[in-house]
Amino acid sequence: MNIWKPLVLILPVIVVTTGVVYADRDEREGEGRGWFSSFRLDVAPVTDPLYQEECGACHFAYQPGLLPERSWQKMMTQLDDHFGDNAELVEAKRQQIEAYLGTNAADHANYKRSKGFARSIKADEIVLRITDTLYFKRKHDEVPARLVTGNKDVGSYSHCAACHTDAAKGSYNEHEVRIPGVGRWDD
Ligand code: HEC
Ligand code: HEC
């Protein structure tokens with residue numbers, strides 16, 4: 001019997017299935033960039049001046065679309081112990097910021113990377129650090145520690161804008177990365 005015949009018949013099936021699986025994986029990782037990708041931001045930029053002022057006072061004002069609503073909610077109810085700092089706000093401001101974060105959170109935003117962050121967290125889990133999400137870890141697992149914690153001009157991953165030159169605009173494209181003391185990121 002000719003063994004090639006059945007193979008030729010199932011080959012297109014294999015190709016199509018693999019294509020579908022890969023396309024699905026790309027979508028889940030927020031990777032699938034179309035030809036118009038350069039016009040598309042990774043996450044929505046910060047638009048609320050109060051948020052920018054209050055939550056950008058000690059560090060980069062992280063975009064709401066980097067964490068799901070339940071993370072922001074939890075964070076906003078324990079500001080007196082905010083990663084070891086006191087970041088308390090008067091109640092009116094606290095509520096306004098909590099609403100802004102909730103509405104624009106990763107699980108409500110129509111941006112691929114926001115979806116990537118949100119989907120990488122288990123439904124019954126509340127992650128408070130962007131840098132603790134699976135999505136974040138996956139995106140940075142090829143960056144050696146000496147360029148981050150071992151780099152005095154970076155210090156930690158929490159300083160997004162130290163490496164991502166357009167982070168404040170909501171763009172985290174790997175081609176815009178410039179690591180202090182190292183320069184461009186070419187992988
Ligand atoms: C008084 C200073 C201060 C203020 C004000 C402040 N933070 Fe922070 N925040 C910190 C510190 C300190 C850390 C921990 C940073 C580190 O580990 O390097 C942190 C970490 C974070 C992280 C985790 C970043 C990561 O590693 O993924 C988020 C998210 C965050 N802050 C959000 C907020 C929000 C939202 C507000 C406004 C309600 C706010 N912060 C206001 C000091 C502050
Ligand atoms: C030490 C420098 C550094 C810091 C700090 C850093 N990143 Fe990155 N980031 C990188 C590099 C390098 C890449 C590309 C990695 C690769 O391609 O393997 C990357 C990739 C990404 C990507 C995927 C981009 C793409 O085009 O695939 C996202 C999203 C991202 N970073 C978000 C963040 C956020 C949010 C923060 C802060 C909480 C942050 N990064 C902090 C260096 C950094």
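**Close-up views**

**Glu174 and its neighbours reach toward ligand 2.** In this opening view, a polar backbone atom of Glu174 sits 2.9 Å from an oxygen atom of ligand 2. We're looking at a predicted model, in which local features need pLDDT of at least 70 and side-chain atom pairs need 80 or more, while totals for chains, interfaces and linings use all residues. Residues count from 1 along each chain as written, chains are lettered from A and ligands numbered from 1 in written order, and side-chain values use heavy atoms, without hydrogens or water. For His164, a polar side-chain atom comes 2.8 Å from a nitrogen atom of ligand 2. (A polar contact here is a pair of N or O atoms within 3.5 Å.) Helix 6 and helix 7 are the elements that give two or more residues to the shell around ligand 2. Helix 6 gives the most, with three residues. (Helices are DSSP runs of H or I with at least four residues, strands are runs of E with at least two, and both are numbered from the N terminus.)

Count the residues surrounding ligand 2 and you get 24, with His140, Cys160, Cys163, His164 and Glu174 as the closest. (To be included, a residue needs a heavy atom within 4 Å.) Sort the shell around ligand 2 by class and you find twelve nonpolar, six polar and six charged residues. (Ala, Val, Leu, Ile, Met, Phe, Trp, Tyr, Cys and Pro are nonpolar, Asp, Glu, Lys and Arg charged, the others polar.) Cys160, one of the closest residues, is buried at a relative accessible area of 10%. (Buried means under 20%, exposed over 50% and partly exposed in between, using a 1.4 Å probe on protein chains only.)

**His140 and His164 hold the iron atom of ligand 2.** Zoom in on the metal: His140 and His164 each use NE2 to coordinate the iron atom of ligand 2, at 2.0 Å. (Donors are N, O and S atoms within 2.8 Å of the metal, or 3.2 Å for Na, K and Ca.) The arrangement is octahedral because the six donor atoms around the iron atom of ligand 2 subtend angles of 88 to 179 degrees. (Six donors are octahedral if opposite ones are over 155 degrees apart and all others between 65 and 115.) His140 belongs to helix 6 (residues 134–140), and His164 to the loop between helix 7 (160–163) and strand 1 (178–179), so the two tie together parts that are 24 residues apart in sequence. His140 counts as buried at 18% relative accessibility, and His164 is buried as well, at 14%.

**His59 and His82 hold the iron atom of ligand 1.** Over at the iron atom of ligand 1, the coordinating atoms include NE2 of His59 and NE2 of His82, at 2.0 Å. The site of this iron atom is octahedral, and its six donor atoms make angles of 88 to 179 degrees. His59 comes from the loop between helix 2 (49–55) and helix 3 (69–76), while His82 comes from the loop between helix 3 and helix 4 (91–103); the pair is 23 residues apart and links distant parts of the chain. Are these histidines buried or exposed? His59 is partly exposed, with a relative accessible area of 28%, whereas His82 is buried at 16%.

**Ligand 1 has a shell of its own.** There are 21 residues around ligand 1, and Cys55, Cys58, His59, His82 and Ser158 come nearest. Cys58 counts as exposed, at 70% relative accessibility. Helix 2 and helix 3 each supply at least two residues of the shell around ligand 1. By class, that shell has twelve nonpolar, six polar and three charged residues. A polar side-chain atom of His82 lies 2.8 Å from a nitrogen atom of ligand 1, and one of Thr131 lies 2.9 Å from an oxygen atom of ligand 1.

**Ile130 meets ligand 1 through its backbone.** A polar backbone atom of Ile130 is 2.8 Å from an oxygen atom of ligand 1. Ile130 counts as buried, at 11% relative accessibility.

The protein has seven helices and two strands, running α-α-α-α-α-α-α-β-β from the N terminus on. Of its 187 residues, 35% are buried.

How values were computed: Tetrahedral: all angles 85-135°; square planar, octahedral: opposite > 155°, others 65-115°. Polar contact = N/O pair within 3.5 Å; in protein donor to acceptor, adjacent residues only side chain to side chain.
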